[in-house]
Structures are given as structure tokens and as C-alpha cells.
Amino acid sequence: MTNKILSLKKTAMVSALLLELTASAQAATIVVDEVNCTLADAIVAASSNMVTGGCVAGSDVDDDVIELPADTEIVLTTALPLIEKDSTLNVSSITINGNGATISRDAGATNFTVLSANLNRFTALNLNDLTVMGGHVNGSSNIGGGINHVGGILKLDRCIVSDNTGGAVYTYDADVTIEHSVIANNKGVANASSNAAGLTFKAGYEGYSLTVSDSTIASNNNYGTAEAGGVSITSEYAYAYSDALIENSTISNNSTENGGGGINAHGEGYFGSNVMLNLVGVTLVNNSTAIDGGGLFNDAAFVRIKQSLVAGNSAGNLVDEIANSGGGVVLNDYNLFGLDGNAGMFGVSPGPTDMIINESTLSAVLNPILSDNGGYTPTHSLVSGSPAIDFIPAASCLMVADQTGKGRPIDGDGDGTADCDVGAFEFSDVIFSNGFE
């Protein structure tokens with residue numbers, strides 16, 4: 001009996017010790033009020049795991065959470081501290097829950113990026129329900145006026161990155177996920193030499209992945225010799241592999257003076273391309289470039305396009321939709337291309353299941369104005385009679401919902417059979433939900 005009691009006591013002591021250790025290792029929640037605990041102090045506290053100002057210390061494991069005051073604007077007159085993580089383990093993260101807040105650079109302040117991060121390979125920065133705006137970088141390269149993220153993992157959910165100069169989001173050697181977000185109304189620096197005005201995803205070493213879903217990248221304007229108005233996907237070296245997926249998303253009204261008004265994909269591989277890009281259920285429209293590929297310019301990358309709408313883009317060399325230079329582009333999965341019977345392509349041709357649009361104007365296909373059609377992000381709704389409606393047989397549909405959240409397929413043409421629509425939007429006479437403001 002005595003041995004049994006001692007055993008029970010020992011077990012209880014071990015359990016209590018484990019509970020204490022677990023509690024001490026739990027993530028910290030740092031509540032910003034901009035009085036006792038400022039955002040700048042919160043970033044230092046989470047990065048260094050030390051009490052800073054009026055902010056509690058971060059933890060060296062799990063996920064530290066910075067909570068911003070709801071629906072407020074934090075105006076910066078000086079740059080925030082670099083977001084990093086001093087982790088004794090290799091796995092940790094910092095989450096900033098915006099709760100509808102905006103972080104912006106004061107228009108009269110010196111130039112700086114709003115949020116900058118430098119993380120190790122397995123550390124994540126998660127941004128939720130947050131607006132980042134007004135950043136401005138110096139120099140001739142678009143390295144992210146809104147967000148500059150190097151290393152680790154970056155995740156954006158329900159975020160808006162807008163009105164920044166020097167590019168909205170620049171990522172290097174990082175795995176990136178962007179969901180239900182908007183990157184819009186950003187611009188490159190004058191005489192920019194590289195990177196996009198919207199989103200730049202660049203690999204320098206090893207292999208990295210990008211996923212953009214249910215998001216809108218629009219009205220970003222680039223200058224100089226920099227590639228891409230909307231999105232740039234590239235690897236800096238031949239041994240760095242990039243794997244990118246853009247799905248159920250809208251890329252529209254972006255511009256550049258160089259190649260790829262909407263998207264520029266650039267590979268560097270010795271034995272075939274080291275950059276792979278998949279577009280699935282994408283609406284790529286109304287983008288422009290002064291030279292090559294108004295919608296997409298592909299330079300030695302490998303691109304697959306499925307069930308996407310690529311139309312109404314424009315280029316100075318008249319290759320309005322897709323210019324393929326030294327890479328591979330695979331089509332033939334119920335895509336729609338071009339206008340007025342012209343595919344607008346160079347170096348690639350539509351496949352047997354694809355179709356060239358006969359309508360002469362983009363407005364006969366969709367509403368060219370981005371609008372709140374439900375969901376978290378603005379979209380281009382299809383118009384009645386659009387060739388994109390019910391073009392994809394139900395059995396071939398790759399997406400179960402559209403960018404707004406409506407289920408697919410829907411009988412949009414009234415023939416009694418529900419098939420899927422091409423691009424990010426599924427036509428219906430009923431607005432599904434209201435989320436974007």
C-alpha cells in the first residue's frame with residue numbers, strides 16, 4: 001500500500017511539473033493599446049522574448065500573438081523595428097491580428113517600409129485582418145513599400161496592402177500564402193530596375209512555394225525597366241526552385257513599361273525551368289504593358305493555365321494576352337483567350353478544349369469595373385450572355401467554389417444543366433454574400 005501511495009505521489013508530481021513546463025512554454029498574447037504597449041514595443045517583445053515598454057515578453061516556442069486595437073489606424077512617423085524571432089527551437093511564429101486596424105506611414109515622414117521581417121527557415125509571420133499602406137522605399141528596386149519579408153514563412157489572410165510606393169509585397173527565400181486579400185493601388189519607384197509594383201515572389205536559395213487564393217491584385221503600376229505590374233515570380237539562381245499556384249483570383253488593371261502587365265514569370269534553370277507557375281480559375285484581364293505580354297510574359301519558366309479567363313489585356317507589340325519567350329506554356333483545359341477572334345499570343349496556341357473569344361469588347365464578357373459581388377475581395381462579375389458562363393462541363397470542374405465563396409457549378413445559362421464558369425467568378429442572378437468594404 002505504501003509503495004502504491006508513493007507511486008501515485010510521484011506520478012502527481014511529474015504531472016504537475018509537466019503542466020508547469022507546458023504553461024511556461026505557451027505562446028504569449030501581447031495586447032497593443034498604443035499607450036502602455038505600442039506596436040513597436042510589441043514587435044521587439046515578440047522578437048526578443050523580453051518585456052519591452054509596457055508589453056509582456058514573447059515566448060521562444062509556439063505562436064506569439066500581437067493583438068491590435070480594433071478598427072483603428074496606427075500612423076507611423078518612424079520605421080517599426082525589424083520583425084525577427086530569437087527562438088531556441090527552430091519552429092515558432094509571430095501573428096499580428098489586425099482586427100480591422102490599419103498600419104500606415106505618415107505622409108510627411110521619411111521613406112521606409114511599413115513592415116519588415118527577417119526570419120529563419122521555419123519561422124512564420126502571420127498577418128490577419130490588417131491593412132498596410134503608405135510605405136515608400138528608397139532606391140531603384142521595388143523591395144516592398146508595404147511589406148518586405150525575407151526568409152521563413154509569410155501568411156496573409158483578409159489583408160489589404162495598398163497605396164505603397166516601391167511595390168506592395170516583396171518576398172525573398174520564403175514560403176508565401178495569400179488568402180482572401182487585396183493588393184491594389186500600389187506603384188513602383190520611378191525608373192525602377194526590378195520587381196513588381198504588386199507582389200514579388202523571389203527564390204534565391206533552395207526551393208520555395210507561393211499560393212495565392214481567393215484574392216485580388218489590381219491597379220498596381222510599374223515604371224522603368226522593372227518587370228510586372230501585378231505579380232513577379234522568379235528565381236535568382238539556377239539551383240533555386242519556385243513553385244507558384246494562383247487560383248480563384250483576379251489580376252486586373254495592372255501596368256508596366258516592361259514585360260508582363262499582369263504577371264511576369266522568369267526562370268533560370270540549367271535543365272529545364274526552375275520556376276513553375278499554375279493558374280487555375282484565374283481572371284486575368286485589362287492589364288497592360290509597353291512591350292511584351294499584356295496579361296502574362298513568360299521568360300524560361302514553365303506555366304500551366306487551367307479554366308482561366310485571359311482577355312482584354314494590351315501590349316505595345318500587340319501580343320496582348322500571353323507572350324512566351326524560351327519557356328513552356330501548357331493550355332488545353334477549358335480556358336478563354338483574347339477578343340474579337342484574336343488569341344493575342346506569341347509562342348503558344350490555345351488547346352482543343354480552349355476557345356478564342358469572338359466578342360469584340362471585354363464588357364461583353366464581364367463587368368470591367370471591380371465591384372463588391374460578395375466574399376472578402378472585389379471581383380469582376382460576368383455579364384448575361386458571356387461566353388465564360390457554363391463553358392466548363394460539370395465533370396471537368398476543378399474548383400468547388402468561386403472567389404466570392406459561391407458553390408460551383410451553377411446553371412448560369414438557364415439550359416437546365418449546371419456547369420462551371422471560366423475564371424474566378426461564377427455567374428448567378430443572386431449575390432451570395434457581402435464581405436468586402
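Cysteine 159 is buried, at a relative accessible area of 3%. The model is predicted.

**Disulfides**

The structure holds 2 disulfides. In sequence order of the bonded cysteines, the pairing runs 1-2, 3-4.

| Disulfide | S to S distance |
|---|---|
| cysteine 37 to cysteine 55 | 1.9 Å |
| cysteine 397 to cysteine 420 | 2.0 Å |

Take the link of cysteine 37 and cysteine 55. The link is right-handed, with 105 degrees about the S-S bond. This pair connects distant parts of the chain, 18 residues apart. Cysteine 37 sits in the loop between β1 (29-31) and α2 (39-48). Cysteine 55 sits in the loop between α2 and β2 (62-67). Both cysteine 37 and cysteine 55 are buried.

Now the link of cysteine 397 and cysteine 420. The torsion about its S-S bond is about 125 degrees, so this disulfide is right-handed. Cysteine 397 and cysteine 420 each lie in the segment after β32 (355-356), so the pair ties together parts that are 23 residues apart in sequence. Cysteine 420 is buried, with a relative accessible area of 1%.

**Parallel strands around β7**

Strand β7 (residues 147-150) is joined to strand β5 (residues 115-118) by 4 bridges, and the two run parallel. Strand β10 (residues 169-172) also runs parallel to β7, joined by 4 bridges.

Which residue in β10 is the bridge partner of asparagine 148? The partner is tyrosine 170.

Note on methods. Residues numbered from 1 in each chain as written. Predicted model: local features only at pLDDT ≥ 70, side-chain atom pairs only at ≥ 80, totals over all residues. Heavy atoms only, no water. Pairing = 2+ DSSP bridges. Disulfide = S-S within 2.5 Å. Buried < 20%, exposed > 50% of the residue type's maximum accessible area, 1.4 Å probe, protein only.
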